[in-house]
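I opened my notebook to look at how two parts of a structure meet. Come along and follow the entries.

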Amino acid sequence: MERGRVLSLAHLWTAFLCFLPAVGLGFWQMLMRSPLPAPVDDPNIYYASVTAHGSIMAYVFPTFFAMGFGYAIAVSALGRPLQGEKWAWVGYALSLIGTVMALVPVAAGRASVLYTFYPPLLGSPWYYLGLALVIIGSYFWIALMLVNFRAWKRENPGKPVPLAMFAITACALLWGWTALGAVSEVLFQILPVTFGWSHTIDAGLARTLFSVTLHAIVYFWLIPAYIAYYTLMPQAAGGRLYSDTMGRITFILFLVFSIPVGMHHLFMDPEHGAGFKFVQSVLTFMVALPTLLTVFTITASLEIAGRVRGGKGLFGWIRALPWDEPMVLAVGLSLLLLGPGGFGGLINMSYAMNAMIHNTSWVTAHFHLIFGGAVVIVYFAIAYELLPRLTQRPLVLRTFSCGFGSGAS
Amino acid sequence: MASQFNNVGAAGLIPETVIVKTERRWFLVMAAMLGVMLAVIVLTGIGQMLHPLSDVETINPATLHLQGEFVESNLGSAVEPDGSITVRIIAEQYMFVPQCVVLPASTPVRFRLTSADVVHGFFVQSTNTNAMVVPGYITNVRTSFERPGTYQMPCDEFCGFGHHAMAARVVVVPRDQFKNLRPDERMNCGTR
């Protein structure tokens, strides 16, 4: 138990320590793109910075966070010590080594290919090897989630696995499958060329493989946040989860429909025909459903909490919610940002309509609303929830976690 | 921290039948919303031919300059027998060739682009003409310009350290000012 806590803490701290420089780079990039004066005005540093920012935010930060959160769930929701903790540390070490290996060449300006790689553009092989290692490290976590899931099932035959464990296992499986696209692009197409063993890359195939990863990865980022929506938030708000079944359906829908869905990033590409693009559009419509179901269940759960706390009338329950709880405030804010982010996505995925916004700042804004708005805010709220339990110390300066002194309660 | 993730359902607070009923209603409304959007895509696809680019054509990027339709003498605007325009452009680090193309307004235009090196983006500002240019493939985009004027045409996909400087222009002139080209004649801003 003691050691399980250290394991989770190490992952969470690594995630947030990587997040810190990445968010600073993001701020500088915003200055570069805006009419405001930027302290350093150099396009080459800008491209290196975008590469570092994207690589950390897309691969390193969410991977470490999901691993740490997963171990915490396995221990606390299943109520048993983590099986295979040694292997968890091996995975952690591999991912950490990979992170350093990837970021050093980026900082040296030798891998400014952006986190989306864009072959035949090439960077230092260490960059790709490092990111592959981050993902390989996370495969240990995937295996451990399955092992612990099954161990609990064996001890509790016939009982449904707690929703949080159910969801984090779905998240792990989703990641295990979806990461294969980028991993095979790196291992079989990019690395052989950077090492000089091969001299050509089929850019169309590379883009297709990468897209297998590049949309479902968003659900890999989102599922930990959704777990907080479904399991941590109702308690923090003082209510109940509206429906456990809807939660499970949501996570299964994610797992099933996210699999090939990323090829909708290629609507404006010349290597796929109209029929295939249409199929991708339809699949993406399917995967919008779990998010729309979540919005309902979470709003309903918040309403229950508000009414239990004495809120009356059509909107009175909103005022009655404990807005000074980090989790409640974070979920409230994240739903506000997830809304426009998600509806923007409905335009992106709408087949020919994609031409209006393809490669414009609209897309950047779309995924930042999802990632910054929903994912990061809720990751922070989860940390506020977990850290006191993991360190067994109360949160110091608790009120600052909400950004203001006293809430509506 | 034993039960922090283990929620009791809302069953004690709200009757099970109410939960099932409201959930089903929401599900149907959302499914209907997505259904309507999908129907719009299908109907505009059939009725107005609104599709993303969809001709998959391949080409050897290593021999672009030696043979085939992307040799230098064939780049720029060409007039087809039916009066429509075909524009052939090569995208390469860090320029488009030709750097400036001339087109008549209100005329069907077909852009044919390919890349000599890495992935580039083809985007004509303030229009929906927007596509990827991938080495080994030909990007085939059909459009037409109603308003005469000069349109910026930046590369909108990161293509290396010089990416921010990679841009061309599209000059759209009124139909009567567009030079009458012979079938084998090609035109860009320089040869106008």
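These entries go from the chain interface to a pair of helices.

Entry one: the model. I noted first that this is a predicted model.

Entry two: chain A against chain B. How many residues of chain A are in contact with chain B? I found 68 residues of chain A in contact with 54 residues of chain B. I then looked up the area, and the two chains bury about 5,400 Å² between them. Carbon and sulfur atoms hold 70% of that buried area.

I looked for salt bridges between chain A and chain B, and the count is zero. Polar contacts do turn up, with 12 residue pairs across the interface, both residues at pLDDT 80 or more.

H8(A) has the largest share, 13 residues. By type, I wrote down 46 nonpolar, 14 polar and eight charged residues for this side of chain A.

I picked H2(A) and H11(A), whose axes come within 12 Å and cross at roughly 35°. Their crossing is left-handed. Which residues meet here? From H2(A) I listed His53(A), Met57(A), Phe61(A), Pro62(A), Phe65(A), Phe69(A) and Ala72(A). On the H11(A) side they meet His368(A), Phe371(A), Val376(A), Tyr379(A), Ile382(A) and Leu386(A). I sorted the residues of this contact into 11 nonpolar, two polar and no charged.

How values were computed:
Residues numbered from 1 in each chain as written. Chains lettered and ligands numbered in written order. Predicted model: local features only at pLDDT ≥ 70, side-chain atom pairs only at ≥ 80, totals over all residues. Heavy atoms only, no water. Contact = heavy atoms within 4.5 Å. Buried area = accessible area lost by both parts, 1.4 Å probe. Salt bridge = Lys/Arg side-chain N within 4 Å of Asp/Glu carboxyl O. Polar contact = N/O pair within 3.5 Å; in protein donor to acceptor, adjacent residues only side chain to side chain. Helix = DSSP H or I, 4+ residues; strand = E, 2+ residues; numbered from the N terminus. Nonpolar A, V, L, I, M, F, W, Y, C, P; charged D, E, K, R; others polar. Axes fitted to C-alpha atoms, helices over the stretch in contact; angles between N-to-C directions. Left-handed = near helix turned anticlockwise from the far one by under 90°.
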